[in-house]
Structure formats: C-alpha cells, structure tokens
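Reader: Please take a close look at the aromatic side chains. Which rings meet, and what surrounds them?

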Amino acid sequence: MSGYLNKINSLIGAEEVKKEILKWQGLSMLNLPKQKKIIPNYLLSIDNGCGFSTIAQLMAEALKELKLFNFASATAFLELKFEDNAQLLFEEIRSEAIISNEFWGVVAIDISTWVEDYHSEQFEEFLQYVRLNNNNIVFIFRIPNISDHMARKLLGALKVAGNIRHLIVPAVKDSELIGFIRRILDTESISVENDAYELLNVMIVELKERNDFEGYKTVLQLIADIIYEIGTDSNFEFLNTKRIIYDSLQKYYKEIFKNKLISTTKITKLGF
C-alpha cells in the first residue's frame, strides 16, 4: 500500500476525504494529461486543531504520487491563512514560483475569517486571484464546521472562481481522542490504567467548556507535557520504560487548570 494511503486510512473521521482520494486512484488509471488540471478545488469544513494541515498535506502527497497534477514549483505544498490582506497572500504564493511567476502546486488556505464576510472587496479580490490561477493551483480552503446554510452560501461564492467540492470532517468524539491518546502512549511504551484515561477525559471536557480546546493540537500538547513531566520528575522511577501514570496525571491536572496550558515548546522537544 502507498505511503500516503496508509497515512490517510489512519485518520479519524475523515471518511469523505478518504472516499475522494479513492476516486483519484481511479482517475490515475486513465492516463489523463497532467498539463490540464482535472482535480477540482476543495472546501473542507473542519474545526481548528482537528487535522486540516495533515489532511491537506496528504492530499498534496496523493496528487503527486498518483501523477494527477503537474507540480512545477520547488515547493509542492503551501499552507496559508487569509485574514485581511489579499495582496500579501498573493505575494507569499508568488514567492514560491519558479516558472513565469506562477506557483504550480497545492495551496491550503484557512478562510474561516471570511465565513460571514464573503461579499467584501478583499474577498472579491481573493476570488479573482483564484480564478486567474485555477489551472496551476489546486486550492484547498478551510472553514470550521458551521451550519449547512452558511456553508452553502460560501460554497456558492467560491464556485464563481472554479469547480469546487465540499468535504466535511466532523468534530472528533471524546472517545476517539482517548483512543488516539492510547496509541501515542503505547508508542512511548507507557502503560496507563483506566483511571488515568478517565482523568484525561475530564481534562478534555473541562478544556472544551473553557473554550481552550483545539482538537488534536491540544491533545498532542497534553500528551507531550504529561510525558515531559514524568520524564523530568526525579522521584519518578521507570520500570522497564513502563509505568502507571495516574498519580502523575493527578498532579498535572491540578497544574494545568491553575496555569491554563503549559508552554507548547515542550512538544518540539518530544518530536510531536
């Protein structure tokens, strides 16, 4: 199985994305010309921290491996956020171009700021750029999970700039997040009893209630900080690198809600 396919199949909840890439596999067998763009643009409804960057990168990787698009730039994938200045966004994309000032690749853009403001002059200017570059860029736009009515209106505005498909990645369930945590801790050879997972679940619920929860991003931060706290505790003794960490979690739980969230710099140290 291809590398990108293994990664995509391991994603939680992204069933519509998986089905779309299966369609790409069928297209790749038709030996269509890469010079002509046959892949549509995409609007992904996905909440912050729930894997947009990962999914968009995997989509770019799949397109490249399946040879469905002519990647003719030094960088095949760009991820940007469109907040208030369309010209700055265009310049950032052009800076990666190597052929006639045109970028050829996949550009993932967070347009969540414009969900209710897509009639503005800046957004119209943005749509004009998308129209002009529709043959050399596969655009993947991101908005949060909003009402169907609002999503359809925004989708209608984006369709003016070219063919586009809407894929929904639903919010990840708490049970799925706990399963994700289990797999990560198993990889780190840390055994955890059920009481500890119940405490982690309580953490997630409380963070959601305080609007401090950002999906996988927060979960990875929780895991990284927990492992960091255990690894730097001089009183903590590992037994063949396996240990029940409920007591450490209790201590960490008190700390996290006293100081909000511990700095994310520790995540980098642990390779997350």
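Author: Buried means under 20% relative accessible area; exposed means over 50%, and partly exposed lies in between (1.4 Å probe, protein chains only). This is a predicted model, where local features need pLDDT of at least 70, side-chain atom pairs need 80 or more, and totals for chains, interfaces and linings use all residues. Residues are numbered from 1 along each chain as its sequence is written, and side-chain values use heavy atoms, without hydrogens or water.

The chain has 11 helices and 5 strands. Both are DSSP runs numbered from the N terminus: helices are H or I with at least four residues, strands E with at least two. Of the 272 residues of the chain, 46% count as buried.

Now the rings. Phe, Tyr and Trp (its six-membered ring) pair when centres lie within 6.5 Å; planes under 30 degrees apart are stacked, over 60 edge-to-face, the rest tilted. That rule gives 11 aromatic pairs. Take Phe-69 and Trp-104: their centres are 6.4 Å apart and their planes meet at 35°, so this pair is tilted. Phe-69 sits in the loop between α3 (52–65) and β2 (77–81), and Trp-104 in the loop between α4 (86–94) and β3 (105–110), so the pair ties together parts 35 residues apart in sequence. Phe-69 and Trp-104 are both buried.

Next, Phe-126 and Phe-141. Here the centres are 5.9 Å apart and the planes stand at 75°, so the pair is edge-to-face. Phe-126 belongs to helix α5 (residues 121–132) and Phe-141 to strand β4 (residues 137–143); the pair links these distant parts of the chain, 15 residues apart. Again, both Phe-126 and Phe-141 are buried. They also belong to one aromatic cluster, whose other members are Phe-82, Trp-114, Phe-123 and Phe-139.

Contact means heavy atoms within 4.5 Å. Leaving out residues up to four places away in sequence, Asn-41 touches Phe-139 and Phe-141, and also Val-130, Asn-134, Ile-137, Val-138, Asn-163, Ile-164 and Arg-165. Asn-41 is placed in strand β1 (residues 41–45). Its relative accessibility is 2%, so Asn-41 counts as buried.

What of the nonpolar surroundings? A nonpolar core is a set of buried Ala, Val, Leu, Ile, Met, Phe, Trp, Tyr and Cys residues joined through side-chain atoms within 4.5 Å. The largest has 54 residues, and Trp-24, Ile-55, Ile-140 and Ile-181 have the most contacts inside it. Helix α3 supplies the largest share of this core, 8 residues.

Go back to Trp-24. Its contacts, not counting residues up to four places away in sequence, are Ile-39, Tyr-42, Met-59, Ala-62, Leu-63, Leu-66 and Leu-68. In the whole chain, among contacts with a separation of 6 or more, 77% join residues 24 or more positions apart.

One last stop is Lys-67, in the loop between α3 and β2. Phe-69 lies in that loop too. Lys-67 has a positive phi of about 55°, although it is not a glycine. Phe-69 is buried. Lys-67, with a relative accessible area of 56%, is exposed.
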